[in-house]
Amino acid sequence: MNLEHYPFLEQINSPNDLRNFSLNQLPEISEELRHFLLNSVSRTSGHLASGLGVVELTVALHYVYNTPFDQLIWDVGHQAYPHKILTGRRDQMLTIRKKGGLHPFPWRDESEYDVLSTGHSSTSISAALGIAIAEQTEQSGRKIVCVIGDGALTAGMAFEALNHAGHLKPNMLVILNDNDMSISQNIGGLNQHLTHILTSRTYASFRNSSKKVLSGIPPVRMFLKKTEEQLKNLITPINLFTQLGFNYTGPIDGHDIDSLVSTLSQIRQLEGPQLLHVVTQKGKGYPPAEKNPVLWHGVPQFNPNEGIINSSKSKTESFSQIFGDWLCDMAQHDKKLVAITPAMSEGSGMVKFAENYPDQFYDVAIAEQHAITFAAGLAIRGKKPIVAIYSTFLQRGYDQLIHDVALQNLPVLFAIDRAGIVGADGPTHQGAFDISFLRCIPNLIIMTPSTANECRDMLYTGYLHNGPAVVRYPRGEADGILQQSMQIIPIGKSQLICHGNTIAILNFGCLLSEVLQSAKQLNATVIDMRFVKPLDEEAILDIAKTHKTLVTIEENAIQGGAGSAVNEFILTKKLKCDMLNIGLPDVFIQQGNQTEIRDEMGLTADKITRKIKNFIKQ
């Protein structure tokens, strides 16, 4: 990108360079940074609105704190693009989220300024507390700061960390970035409390005017702090953070660079746990993003001058759309249906359902554990709950899935989106492990649709099943022409797709089209297994008797995956056949688009064929 348009930013290759500028130059630097961010994301795609909202905060933090000696942690990391630009990665921003390029989130191996690799929310306070406690023994004078949004603060883990920090009382600063927005609209009493009370004009103006008047009277300074605490308790009526043991400051305007620098400079000198409440606007400085921050949270490439995101509709529906439409169809006939999501209604295709059936829809905020046990409670009282969740976020509710749902054999359906290769969001978001960590759980049925119709039929089958069931499907378009009629699939029954000679390919999930192309080259039998649990053991027994080589294919980690389940069965039956498992290797898969990653992982038709031929030659 041409840096001639960014005379200040051109000179900033590290935060040390930023600190060489005067305070009155920071507003211009902020404007250049915001403009650079807009231009770079419009060319690359990525997270936009969050970064636009924290430009001044990012500049102020790196200006006041001696990073990287002082440790700065960004929760989730959607908002970390300005941080990357100021910490030596400005000229690489056009590679972000691309194969071999910058990571989409803070990444420890990428920069010494990235203290914690992130991608999932609500981890920052816990990590910051751990670092702060470790630093106490070193007495290095290092300052620890974490920035967490009000959306991420809805997760229980954040409160666990706040509670512990208030007890241990280390020197650390938690910055609450209050923009009334996570990815979707925030949900819950805490958010309403913050929005309507702590950021109220009454509170802010009363607090500021009182301090201006009273601070000039020496005798009054003695009890100013007590007066302020009484004011907080009077208006809030309990200041949550003060009660947890934090010294609370705020709310302050997160776009006033002078106020930010002044406040942070003062807080930097204080001892003990500090909480600074900063009010920002998501999408700040770009009117389309200010108007619709949800739409502009994560964006494809676009023309910033037009301010329009081109949503070119494919003729083929995505799996998420199929799920959303299926929800609406089912809700027409069943008032017991309840759909639950942990802050993923847009991504999971639930917007239309939420609008048409608001009494049957619950967005529980970023609270995956609660979502699952909430569903368990609904099921106990005769409702039919469906938990829509991404594969990578299901990891966060694993104990609840085992203890509160499967152990009690409750009829909860899990619609697991983004299973397998997700793409540009990188290793924190790839759905590589769900089959492996799910198939060891008793009572659980696991289904892997390969086509649009199969996905719809499996959702229907799982919904009517009197026990816990999982349907895991990938991000992106579904193969096949969707038929509106639905049928129940016999539990644990596979489908023979085509006959071949000595090679049989057992397909689990979305790679069926690649498998069929490979099978044509190899003259192989193809079975769409459909169920990981229970396996179609009868089909495996029959195919093992007539084929020399069995190949399993899945978009999940090979270790513990569907192929491992077939291996275990083959061994217990002492069947004589060669076994090859094809899937995701034992690595964390980096960013890149789905086509690139599948090719690199050897999951295209030609590479599947090559793997099978090489295996047979051995």
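## Strand β15, an enclosed strand

Strand β15 (residues 503–508) has six of its six residues buried, so the strand is largely enclosed by the rest of the structure. Please keep in mind, as you look around, that this is a predicted model.

Which residues cover the two faces of β15? On one side sit Ile-503, Ile-505 and Asn-507, and on the other Ala-504, Leu-506 and Phe-508, all of them buried. As background, side chains in a regular strand alternate between the two faces of the sheet.

## The partners of β15

β15 pairs with strand β18 (residues 549–557) in the parallel sense, over six bridges. Within that pairing, Asn-507 has Ile-553 in β18 as its bridge partner.

Strand β16 (residues 525–528) also runs parallel to β15, and four bridges join the two. Here Ala-504 is found opposite Thr-525 in β16.

## A seven-stranded open sheet

Let us turn to an open sheet. Seven strands make it up, with mixed pairing and the order β9-β8-β10-β11-β13-β12-β17. Its edge strands are β9 (361–363) and β17 (531–533), each of which pairs on one side only. On average, neighbouring strands of this sheet are turned by 20 degrees against each other, direction ignored.

For a look inside the sheet, take β11 (residues 413–417) and β13 (residues 469–472). These strands pair in the parallel sense over four bridges, and Phe-414 stands opposite Val-470 in β13.

## Helices α2 and α5

Two packed helices are described by the angle between their axes and the distance between the axes. How do helix α2 (residues 26–44) and helix α5 (residues 81–89) pack? Their angle is about 110 degrees, and their axes are 10 Å apart. Angles of 65 to 115 degrees count as roughly perpendicular, and α2 and α5 are therefore roughly perpendicular to each other.

The residues that meet are Leu-33, Phe-36, Leu-37 and Val-41 from α2, with Tyr-81, Pro-82, Ile-85 and Leu-86 from α5. Sorted by class, this contact holds eight nonpolar residues, with no polar and no charged ones.

## Cysteines

How many disulfides does the model contain? With a cut-off of 2.5 Å between cysteine sulfur atoms, the count comes to zero.

Are Cys-146 and Cys-455 buried or exposed? Buried means under 20% relative accessible area. Cys-146 counts as buried because its relative accessibility is 0%, and Cys-455 counts as buried because its relative accessibility is 0%.

Notes:
Residues are numbered from 1 along each chain as its sequence is written. This is a predicted model: local features need pLDDT of at least 70, side-chain atom pairs count only at pLDDT 80 or more; totals for chains, interfaces and linings use all residues. Side-chain values use heavy atoms; hydrogens and water are left out. Axes are lines fitted to C-alpha atoms, for helices over the stretch in contact, and angles run from 0 to 180 degrees between N-to-C directions. Angles under 35 degrees count as roughly parallel, over 145 as roughly antiparallel, 65 to 115 as roughly perpendicular and the rest as oblique. Contact means heavy atoms within 4.5 Å. Ala, Val, Leu, Ile, Met, Phe, Trp, Tyr, Cys and Pro count as nonpolar, Asp, Glu, Lys and Arg as charged, and the others, Gly among them, as polar. Two strands pair if DSSP finds at least two bridges between them. Buried means under 20% relative accessible area, exposed over 50%, partly exposed in between (1.4 Å probe, protein chains only).
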